[in-house]
Amino acid sequence: NKKDFMISEGISNKQLLKNNFNKYKKKIDNKKIMKLTNLKDIIFKKNYKIKYYPFVRKFLKKIKNKYKIAIVTSASKKRINMTLPNNFLTLFDFIITSDNCKKNKPFPDPYLDALKTSKLKSFEVIVIENSPLGIKSSINANIFTIGIKNTLEKKYLKRADLIIDNFNQLNKIIW
């Protein structure tokens, strides 16, 4: 179900498949993982329609000229380029994908890589996350983390330093 997916959002496809196969005591090898990942990408592209969180584009455009902004995702670069329009991607200074990291969320590696790429220190950065694994990843990278309740209830985001309802609320906090 969607909530189960959102709770595990941030984990790599490979790990997600392994976890689900283990849950049902089934075996899976790397060849089958690649085949299922490619099939998932095809189905995803065919059925996916981008739906931005309310106020996110307005928020990003407003902060773009003042701050460095990035996407830190466990999706592959291929998936990001396939699903997100270029005029949205150009709002970001850089994108960290699963292709960049040996360990994905919930490990801190994606955010540590973002810090290295941005040449910023953890105390100079704020992360906005919508998943428990993403929050764990950024907290473990010692970055102030805002949990946003666009996809999950507050109880799933409780490790965040601050929890907000939406980007409009974040807009009011920052400005």
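1. Ile128 is partly exposed, at 32% relative accessible area (buried is under 20%, exposed over 50%, partly exposed in between; 1.4 Å probe, protein chains only). Ile128 sits in strand E3 (strands are DSSP E runs of at least two residues, helices H or I runs of at least four, numbered from the N terminus).

2. The model is predicted: local features need pLDDT of at least 70, side-chain atom pairs count only at pLDDT 80 or more, and totals for chains, interfaces and linings use all residues. Residues are numbered from 1 along each chain as its sequence is written, and side-chain values use heavy atoms, without hydrogens or water.

3. Ile128 also belongs to a nonpolar surface patch with Tyr67, Ile126, Phe144, Leu162, Ile173, Ile174 and Trp175. Together they have about 710 Å² of accessible area (Shrake-Rupley, 1.4 Å probe). Patch members have over 30% relative accessible area and no salt bridge, with nonpolar side chains joined within 5 Å. A salt bridge is a Lys or Arg side-chain nitrogen within 4 Å of an Asp or Glu carboxyl oxygen. E3 and helix H9 (167–174) each supply at least two patch residues.

4. Helix H7 (109–118) buries Pro110, Tyr111, Ala114, Leu115 and Ser118. They lie on the same side of H7, because their arc around the axis is only 140° (taken from the directions from the axis to the C-beta atoms). They pack against E1 (70–72), E2 (94–96), E3 (126–129) and H8 (132–140). Lys119 follows H7, with a positive phi near 65°.

5. Ile139, in helix H8, is buried at 18% relative accessible area. Beyond neighbours within four places in sequence, Ile139 contacts Thr145, Arg159 and Asp161 (heavy atoms within 4.5 Å).

Conventions
Patches are made of residues with over 30% relative accessible area and no salt bridge: like charges are joined within 9 Å, nonpolar side chains (Val, Leu, Ile, Met, Phe, Trp, Tyr) within 5 Å.
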